[in-house]
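Please open the structure in your viewer and keep the sequence panel beside it. This tour goes from stop to stop, saying what to select and what is there.

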Amino acid sequence: MPFKIALSHCFTDLHISSAAGAVLFFALNACLATIASADQSGGSGDDVKKPNILYIMSDDHTSTGIGCYGSRLAYLDPTPNIDRLASEGVRLANCFCTNSICTPSRATILSGQYSHVNGVTTLIQPLDVGKHTVPRLIKRAGYETAMIGKWHLKVEPELFDFYTVLPGQGWYHNPEFRIRGNKPWPQNTMRVHKHSSDAITDISLKWLNNRKEKEKPFFLMHHFKAPHDDFENAERYDFLYQNETIPEPDSLRNRGHHGPVNRESYGTSVSNRNKRRNMGMHMFVDQTLDDEQYTTESYQRYIKKFLRTVKGVDDNVGRLLAHLEKTGELDNTIIIYTADQGFMLGEHDYIDKRWMYEESLRMPFLVRYPKRFKTGSVNKDIINNVDFCPTLLEMAGADEFIEELSPDQALQGRSFVSNLSGNTPEDWPKSSYYRYWMHMAHHDNPAHFGIRNEQFKLIFFYGRKLDDSWFYNAKLVSNTEPFWEMYDIKNDPNEMNNLIDDPAYAEKFKELKADLYEARVKAGDTDQKYPDVQKLFETVTPAAMK
Ligand SMILES: [Ca+2]
């Protein structure tokens, strides 16, 4: 299988002479040796050295809060260490989540499957161990593996050689961790008396220093809890940005023609727009302030707390990079920085994630590996987190095992290793499918699905609760009226103008709806369990589009 050989060769560091002919000869033999030894012993051959893989993921760290993404916040230089990965590696500009909330995104990354296939559509379901494809196959490819930090998938991360994980959301200060031990999961615990970002990094550095199988490359999933709400920063950043007035997004106070047309506004807010839950309440803003003052105070407190927490993440990315430099492993390690999804920092007066809007949908994704990836490059291909699993497997030379996955473990995404190298396959997907399954939970977001291509986005808010299990008071939640939204991202990047009531876009609506229909069929998400949802999708048409 020449294709497989080529893929494995991509990430094999060959210890050979510089003569071109010899390189080709040895490369081919090294690839064969890698595959053969993996087949026989589960390890890599003596004549090759696979790269280490350091996968760093934070929680809710939107690209808006990362300097190299160039948002209104970039002037604050909030993430110099994370930005280094972009300047010395590749930055993905259009990496999107398929379900913008913590547990489902993590389940998709580990399984390479959409939420409805891996069974984790909401915060409630555990990810079956049989679908922990990333750690299982990467270990099989000869890596020593570890999962350290926020896990949030309920079941024991038993397929990793080593784990130390936060229970559920975990605590910001003096966190307790679940560890492997003599008692049944999750009864073995330990506590570290530090801020969680510092504590998680301490544990990772200790594991890197003391790991048992140093002859093997490592695969480390290092997951920060930060900057998830309630945005509790390390004490050293209590006064960061104290005297700064941080710019607001233009859409915080002027929501333009964004959102459902002529209908109720949804979503928890920065301002007091949402009376049930808004950030001013969380930030203890004086409830007697007038509306303008209230919004100002709420936003400034919110954004500063978020960025102070981000700063602690960035410090610790710096510690990891410094360790790799000190041990001479920096250039032998594929270093990835991402977050489990995006987040709204006041855009359209929204907080939190869940939405299919740009700031929530987009995942930051940076990767540094100068041996293969051009430094300082930007890739604009449309990539989805269902593609992460096959990508990690290819990076580890574990892609050869994909064919052996059982039908219920089959991967739905594609590796973007070639894209990172600057060679986008001609048949690479031109759109990304999205579905937020929960309905009006926690932050008042109606359930929706949609498609995002290079220029347009179409969203159908079907507004049905499908299952009462995801939220303690779900029985109290009502269905909401279905509606559509459509944006021209190319000409309206801030999604200020919902085109769904513009008859000039009737043909575009039909075209995008057909694309969405096809995307749902391709993903196998056609609501056979919920025929009323599919019927709404097929029959609800905005007046201007008829
Ligand atoms: Ca999250």
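**Stop 1: a bridge between two strands**

The model is a predicted one. Now widen the selection to residues 448-453, strand β18, and residues 456-461, strand β19. These two strands pair in the antiparallel sense, over four bridges.

**Stop 2: the sheet around them**

In what order do the strands of this open sheet run? The order is β17-β18-β19-β20, four strands with antiparallel pairing. Select 431-436 for β17 and 483-488 for β20 to see the edge strands. Each of these edge strands pairs on one side only. Look along the sheet: neighbouring strands are turned against each other by 10° on average, with direction ignored.

**Stop 3: a loop residue**

Next, select F373. F373 sits in the loop that links β14 (365-368) and β15 (377-379). Is F373 buried, partly exposed or exposed? A residue needs 20 or more other C-beta atoms within 10 Å to count as buried, and 12 or fewer to count as exposed. F373 has 18 C-beta neighbours inside 10 Å, so it counts as partly exposed.

Show the contacts of F373 next. Setting aside neighbours within four places in sequence, they are G89, V90, V367, L420 and S421. Then draw a distance from the C-alpha of F373 to the C-alpha of F416: it is 12 Å, while the two residues are 43 apart in sequence.

**Stop 4: two helices**

Select residues 133-140, helix α6, and residues 388-395, helix α11. Their axes come within 10 Å and cross at roughly 10°. Angles under 35 degrees count as roughly parallel, so α6 is roughly parallel to α11.

Which residues make the contact? On α6 they are T133, V134, L137 and I138; on α11 they are C389, L392 and L393. Colour these residues by type: six are nonpolar, one is polar and none is charged.

**Stop 5: the whole chain**

Clear the selection and zoom out. The protein chain has 14 helices and 20 strands. Its C-alpha trace spans about 70 × 50 × 45 Å along the principal axes. A compact globule of 546 residues would have a radius of gyration near 24 Å, and the chain has 23 Å, so the two agree. Buried residues make up 50% of the 546. Of the contacts between residues at least 6 apart in sequence, 66% join residues at least 24 apart.

Definitions and conventions
Residues are numbered from 1 along each chain as its sequence is written. This is a predicted model: local features need pLDDT of at least 70, side-chain atom pairs count only at pLDDT 80 or more; totals for chains, interfaces and linings use all residues. Axes are lines fitted to C-alpha atoms, for helices over the stretch in contact, and angles run from 0 to 180 degrees between N-to-C directions. Angles under 35 degrees count as roughly parallel, over 145 as roughly antiparallel, 65 to 115 as roughly perpendicular and the rest as oblique. Two residues are in contact if their C-beta atoms, placed from the backbone, lie within 7 Å. Ala, Val, Leu, Ile, Met, Phe, Trp, Tyr, Cys and Pro count as nonpolar, Asp, Glu, Lys and Arg as charged, and the others, Gly among them, as polar. The radius of gyration is taken over C-alpha atoms; the globule rule is 2.2 Å times the number of residues to the power 0.38. Two strands pair if DSSP finds at least two bridges between them.
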